[in-house]
Amino acid sequence: MDLFEHARAQGDALRALEARAAELRALIAQHDHAYYVLDAPTIADAQYDDLFRELQAIEARHPDLKTADSPTQRVGGRPLAAFPAVRHRIPMLSIRTETDTEASGAEGFDARVRRELGLASAAPAVEYAAELKFDGLAISLRYEHGLLVQAATRGDGETGEDVTSNVRTVKAVPLRLRGAPPPVLEVRGEIYMRRDDFERLNARQAAAGEKVFVNPRNAAAGSIRQLDPTVAARRPLSFFAYGVGDVDGWLLPDSHAQVLDALEAFGLPVCAHRAVVSGAEGLAAFHARIAGLRDSLGFDIDGVVYKVNALALQQRLGFVTREPRWAVAHKYPAQEAITLLRDIEVQVGRTGALTPVARLEPVFVGGVTVTNATLHNQDEIDRKDVRIGDWVVVRRAGDVIPEVVAPVPERRQTALPRFVLLERFPNCPVCGSHVVRGEDEAVARCTGGLFCPAQRKQALLHFASRRAMDIEGLGEKLVDQLVDAAIVKTTVDLYRLGLLALANLERMGEKSAHNLLAAIDKSRSTTLARFIFALGIRTVGEATARELARHFGALDALMEADVDALQQVADVGPIVARSIAEFFAEPHNREVIEQLRAAGVNWTEGAPAEGAVGALVGKTFVLTGTLPSMTRDEAKAQIEARGGKVAGSVSKKTHYLVAGAEAGSKLTKALELGVTVVDEQALRTLMNESDTDR
Ligand SMILES: NC(=O)c1ccc[n+]([C@@H]2O[C@H](COP(=O)([O-])OP(=O)(O)OC[C@H]3O[C@@H](n4cnc5c(N)ncnc54)[C@H](O)[C@@H]3O)[C@@H](O)[C@H]2O)c1
Ligand SMILES: [Zn+2]
C-alpha cells in the first residue's frame with residue numbers, strides 16, 4: 001500500500017468511526033429519553049451500558065470526535081419542563097461502574113485510589129465505606145432548620161425538577177428532622193420501591209387497565225415524576241439516605257460513615273447493610289457477602305458502592321466530568337433483561353396441570369443464558385397482556401425459575417393476537433387427551449389422567465396405594481424404575497407383568513418379584529368404591545368414591561351419568577360433577593378402564609341406592625295453578641325427594657309443567673316451547689313409577 005492509499009484508508013476508517021459515534025449518540029439520546037423522561041425503557045440496562053461504553057471507548061481513542069452534547073459528557077436526562085427547575089448548589093453526579101469480578105473490581109478501584117493519592121506500596125490500606133447500590137432514583141432533600149423545604153430530582157446533574165409535593169407523600173421521608181440538625185442540610189439519597197409493593201402496584205394497575213411498569217426503578221421514577229401528587233401518594237415508595245449535598249452550619253465529621261450515622265440520628269432512614277472496610281480485600285469480602293443477601297433484601301440493588309471513607313481524602317481526589325474519583329459502583333450480574341418472546345408452549349405436570357412456558361430469544365440474565373421462562377398460567381398471561389412476538393422483560397433472581405415480568409408495549413409494532421391457552425392447546429401436547437379449565441380455576445389440565453405419560457408415575461402410585469387397589473410393595477422407587485424402563489405405561493400393564501420383566505430390574509430379588517406379582521394378582525378382586533377412587537379423578541377422594549359407588553351401584557351407570565345426574569349424589573357439587581364427567585368423556589381413560597376389566601379387575605356390582613335412579617332424577621319441574629289435592633309446597637317436596645328439581649319459570653330446559661286449575665302464562669309458555677304438560681294425576685303416576693324403579 002502506498003502512502004496515499006494508506007492515508008485514504010485511514011481517513012475512511014476515521015469517517016466510519018465518526019459515523020458510528022454519531023449513531024451511538026442518537027441511539028443513546030433516544031434511550032435516555034425513554035428512560036429518564038418517560039420512565040419506560042425499551043432495552044435492558046446492560047445493553048444500554050454496552051452502547052455507552054462503546055461510545056466512551058471511541059471518544060477516548062479519538063478525543064477530537066468528542067462533541068459537547070455527547071451523553072458521555074453529562075449526567076442523566078434533561079429535566080421535565082412541567083416541574084419548576086431546581087439548580088443544585090452541589091451537582092448530583094453519577095458513579096463510575098465496575099462490572100469486573102469480585103476481586104478484580106475491588107482491586108482495580110483500590111489501585112486507582114492509591115495511585116491518585118500517591119501512596120507508596122508500603123503505605124497502609126485505605127479505609128472505605130461500603131454500601132448497597134439501590135436501584136431507584138436519586139433525590140436531593142433540602143432541610144432548613146430541620147424542616148423539609150424542597151425535594152429535587154437529579155435531572156442533568158446541574159438542574160433538577162422540583163418534586164416537593166410528591167416527595168412529601170413518601171412516608172419514609174421525614175418532614176421534620178430529629179435532634180439538632182444544622183440550619184441547612186441537603187440530604188442525598190434514593191427513592192425506591194420494594195419488590196412486593198411493586199408487584200402489588202402492577203397488579204392494581206393491570207386490574208384498572210392502566211400501564212404496568214417494567215421494574216421497581218421505573219415505577220418509583222414514574223411515581224415521583226407524577227404531575228398529580230394524589231396519584232404519587234398512592235404509590236408505595238421508600239427512601240434511603242446515602243450522603244449530603246449543600247450543608248451550612250455543620251462541622252462535618254471526618255468520615256463518610258460518620259456522616260451516615262449522623263443522618264440516621266436526625267431520623268433519616270439509612271440502610272443497615274453498610275460497613276467500614278479496609279483495602280481491596282475488605283471491599284471484595286463486602287461484595288461477596290451482599291451477593292449472598294441480594295435475593296432476600298426485599299428491594300432491588302444492582303451492585304454495591306465503595307466510597308473512600310475519609311472526607312479529607314475525598315476532597316483530594318475530586319471529580320472528573322460526570323463522576324467523583326473517590327467512589328465506584330461495583331455491579332452484580334443483571335437480574336433482568338429484555339428479549340423477544342418467540343413462542344408459548346406448555347409443560348404438563350405430574351398432576352396434569354398445564355403450565356405455559358415462554359420460548360425466548362436466548363438472553364444472558366442472572367449470570368446464565370436463559371431460553372425458557374415461566375408464564376405461570378392463563379390469568380397471569382391476561383394480567384400482564386403478554387403476546388407471542390412481544391419484547392418482554394425476563395427476570396432471573398437467584399435460583400428461582402426465570403419468569404416473564406411484563407411486555408415492553410412500546411416495542412409492539414404490529415397488532416399481535418392475544419394468547420388463549422385452550423385455543424392453542426385444546427389437546428394435551430403429551431398425550432392428546434382433551435384439556436379443560438374450571439370456571440374458577442387458574443390452571444388448565446389434561447383430562448387423560450389414566451393415560452397421559454406426564455401423569456404416569458403419579459397415576460400408578462395412586463392406583464397402587466393402600467386405600468385404592470392396595471398393591472403391596474409397589475412404592476415410589478419401583479414405580480420410577482418400571483416407568484423409566486418403559487415396562488409399565490398405564491395401570492393395565494401392571495396386570496401384564498411377568499417375572500421376566502421384573503428380573504431385569506435392579507435390586508429386585510426373585511422373592512420380592514414373586515411377592516409383587518402375587519400382590520398385583522390379589523388386587524384384581526376389589527370393590528367398586530376402591531376402583532373408582534383408584535382412577536385418580538381429580539376432586540374424587542375416598543369418601544366421594546364410596547358415595548358414587550353406593551349411588552350408582554355399577555361402573556357403567558357412573559360412566560354414563562351426566563353432570564345433572566352426578567349432582568344427585570350426596571356431596572357432589574357442580575365442580576366435582578364436572579371433573580367426573582370430563583374424566584369419563586375422555587376416550588383414552590375409557591380405553592384403559594376397558595382394558596383393566598379385560599385384564600380381570602373385578603368387583604361385585606350392586607343395585608343403585610335408594611332414590612338414585614328414577615323417572616324424576618335430574619328432571620326439572622315447574623308448578624302452576626292450583627292442584628286438586630296437594631299444595632304446591634307439598635308437590636315440590638315430593639318431587640325433590642325423588643331427585644327432581646323444581647324451578648320458578650318455564651324455559652327450554654324445563655322437562656315438565658305441572659298445571660292445576662287457573663294455570664296462566666306459564667302454561668301458555670310451556671305450550672309454546674313444547675314442554676310436556678301434566679296434571680296432578682299424571683305427576684302421581686310419574687312418582688309411583690319412580691318409586692318402583694328403585
Ligand atoms: N435501559 C435504558 O434504556 C437506559 C437508559 C439510560 C440509563 N440507563 C441506566 O441508568 C444507569 C445510568 O444512570 P446513572 O448515570 O445515574 O448511573 P447509576 O444509576 O448507575 O449510578 C448513579 C446513581 O446511583 C444511585 N445510588 C444508589 N445507591 C447509592 C449509594 N449508596 N451511594 C451513592 N449513589 C447511589 C444514585 O441515585 C446515583 O445517582 C445505568 O444503569 C444505565 O444502564 C438505562
Ligand atoms: Zn396428557
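This is a predicted model: local features need pLDDT of at least 70, side-chain atom pairs count only at pLDDT 80 or more; totals for chains, interfaces and linings use all residues.
**Whole chain.** Along its principal axes it spans about 105 × 75 × 65 Å. The chain has a radius of gyration of 37 Å, whereas a compact globule of 694 residues would have one near 26 Å. Switch to cartoon: the secondary structure comes to 25 helices and 22 strands.

**Domains.** Now colour by domain. The assignment gives domain 1 (3–73), domain 2 (97–331) and domain 3 (336–420), then domain 4 (453–598) and domain 5 (620–693).

Select domains 1 and 2. Their C-alpha centres lie 29 Å apart. Where they touch, 4 residues of domain 1 are in contact with 6 residues of domain 2. The domain 1 side of that contact divides into 2 nonpolar, 1 polar and 1 charged residue.

**Ligand 1.** Next, centre on ligand 1. Which two domains does it lie between? Domain 1 (3–73) and domain 2 (97–331) both give residues to its shell, so the ligand lies between them.

Show the 25 residues around the ligand; Tyr 35, Pro 41, Asp 45, Ser 94 and Ala 138 come nearest. By class, the shell holds 14 nonpolar, 4 polar and 7 charged residues. Then highlight α1 (3–37), α2 (45–61) and β3 (127–134): each supplies at least two residues of the shell.

**The α1–α2 pair.** Stay with the two helices and hide the rest. At what angle do their axes cross? The axes of α1 and α2 cross at roughly 145° and come within 10 Å. The crossing of α1 past α2 is left-handed.

Bring up the side chains at this contact. On α1, pick Leu 17, Arg 20, Ala 21, Leu 24, Arg 25, Leu 27, Ile 28 and His 31. On α2, they meet Tyr 48, Leu 51, Phe 52, Glu 54, Leu 55 and Ile 58. Colour the contact by class to see 10 nonpolar, 1 polar and 3 charged residues.

Terms used:
Residues are numbered from 1 along each chain as its sequence is written. Chains are lettered from A and ligands numbered from 1 in the order in which they are written. A residue is near a molecule or strand if its C-beta atom, placed from the backbone, lies within 6 Å of it. Helices (H or I, at least four residues) and strands (E, at least two) are DSSP runs, numbered from the N terminus. Ala, Val, Leu, Ile, Met, Phe, Trp, Tyr, Cys and Pro count as nonpolar, Asp, Glu, Lys and Arg as charged, and the others, Gly among them, as polar. Domain bounds come from an automatic or database domain assignment. Axes are lines fitted to C-alpha atoms, for helices over the stretch in contact, and angles run from 0 to 180 degrees between N-to-C directions. A crossing is left-handed if the near helix is turned anticlockwise from the far one by less than a right angle, and right-handed if clockwise. Two residues are in contact if their C-beta atoms, placed from the backbone, lie within 7 Å. The radius of gyration is taken over C-alpha atoms; the globule rule is 2.2 Å times the number of residues to the power 0.38.
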